[in-house]
Amino acid sequence: KQFYQGRVRKAVVSTQSTGYNQAPGGYNQAPGGYNQATGGYNQVRPGGYNQGYQQPGYQQPPPQQPDLGSIFSQVDKDRSGNISANELQKALSNGTWKPFNAETIRLMISMFDKDGNGTINFQEFGALWKYINDWQNTFKYYDRDNSGSIDQNELQTAISSFGYRLSSKFYGVMMRKFDRNGDRTITFDDFIQCCVLVQTLSAAFQRKDTNRNGWIQISYEEFMELVFSTRI
């Protein structure tokens with residue numbers, strides 16, 4: 001399965017993930033996730049974030065070195081030296097005829113736009129490119145039936161391996177939110193947004209959960225502040 005339109009599709013980088021606030025493809029450390037069995041957080045989970053979004057035993061193929069300059073030029077249609085959200089959206093494919101999720105595009109640009117001008121320059125593009133390909137490898141791995149999308153069982157396997165403990169009911173909620181095609185599956189672009197949302201909200205919750213027991217007590221205004229201050 002290819003996730004890039006036109007000639008941009010040809011290069012796929014296979015690398016290990018580094019950190020959520022680093023470039024790119026992962027999270028600094030496993031925040032753990034809510035463990036329903038004990039009511040706390042699972043701080044160490046084989047196959048979670050620190051393992052590169054993979055289960056034990058998964059071997060990625062040797063990395064290929066793309067010509068990032070050529071790829072950048074293909075995406076930078078207006079030759080401005082920067083890639084806009086619109087240009088990035090047109091360059092990426094989610095495996096369907098629908099445009100790449102605009103919210104996922106916005107999320108990725110905000111993560112890698114270091115100078116804050118709303119676009120991606122060439123230096124920022126290298127980190128973004130690696131991040132996208134890390135997620136592509138992750139998506140392919142958890143798409144066990146090679147359907148080009150992730151169903152609820154596959155999503156639960158992926159999220160659980162990242163170290164989070166959530167109920168089947170909540171996975172149903174996530175599927176309804178990110179199933180844009182109405183076929184009870186999630187495409188590549190929505191999978192990225194879903195996983196990053198789980199990590200970001202969990203990290204915000206964990207900052208309030210000082211006892212690490214999976215429970216917090218906050219006022220209405222504190223809750224609103226938590227939501228509005230969370231970068232999603």
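1. Phe-72 has a relative accessible area of 7% and is therefore buried (buried means under 20% relative accessible area, exposed over 50%, partly exposed in between, with a 1.4 Å probe and protein chains only). Phe-125, at 3%, is buried as well. The model under review is a predicted one, in which local features need pLDDT of at least 70 and side-chain atom pairs count only at pLDDT 80 or more, while totals for chains, interfaces and linings use all residues. Residues are numbered from 1 along each chain as its sequence is written, and side-chain values use heavy atoms, with hydrogens and water left out.

2. The structure holds eleven aromatic pairs (rings of Phe, Tyr and Trp, the last by its six-membered ring, pair if their centres lie within 6.5 Å; planes under 30 degrees apart count as stacked, over 60 as edge-to-face and the rest as tilted). One of them joins Phe-72 and Phe-125: with ring centres 5.4 Å apart and planes at 70 degrees, the pair is edge-to-face. Because Phe-72 belongs to helix H1 and Phe-125 to helix H4, this pair ties together parts that are 53 residues apart in sequence (helices, H or I of at least four residues, and strands, E of at least two, are DSSP runs numbered from the N terminus).

3. Tyr-131 and Trp-135 form an edge-to-face pair too, at 6.3 Å centre to centre and 80 degrees between the planes. Both residues lie in helix H4, four residues apart, or about one turn of the helix, and both are buried. They also belong to one aromatic cluster with Phe-100, Phe-112, Phe-139, Phe-188 and Phe-191.

4. Two charged side chains sit over rings (NZ of Lys or CZ of Arg within 6 Å of the ring centre and within 35 degrees of the ring normal). Arg-144 lies over the face of Tyr-141, 4.8 Å from the ring centre; Lys-177 lies over the face of Phe-178, at 5.6 Å.

5. Asn-94 is found in the loop between H2 and helix H3 (102–112), yet its relative accessibility is 1%, so it counts as buried. Its side chain makes polar contacts with the side chains of Thr-96, at 2.7 Å, and Asp-189, at 3.0 Å (a polar contact is a pair of N or O atoms within 3.5 Å; within protein, one must be able to donate a hydrogen and the other to accept it, and residues adjacent in sequence count only if both atoms are side-chain atoms).

6. Which backbone angles deserve a check? Most residues other than glycine have a negative phi. Arg-79, in the loop between helix H1 (68–75) and helix H2 (85–91), has a positive phi of about 55 degrees and is exposed, with a relative accessible area of 60%. Asn-146, in the loop between H4 and H5, likewise has a positive phi of about 55 degrees and is exposed at 59%.

7. Asp-145 lies in the loop between helix H4 (122–142) and helix H5 (152–161) and is partly exposed, at 46%. Beyond its neighbours within four places in sequence, Asp-145 is in contact (heavy atoms within 4.5 Å) with Asp-151 and Glu-154.

8. The average pLDDT is 77, and 72% of the residues score at least 70 (pLDDT is the predictor's confidence in each residue, from 0 to 100). Over residues 1–58 pLDDT stays under 50, although the model has 189 contacts beyond four places in sequence for them. Where pLDDT is low, the predicted coordinates should not be read in detail.
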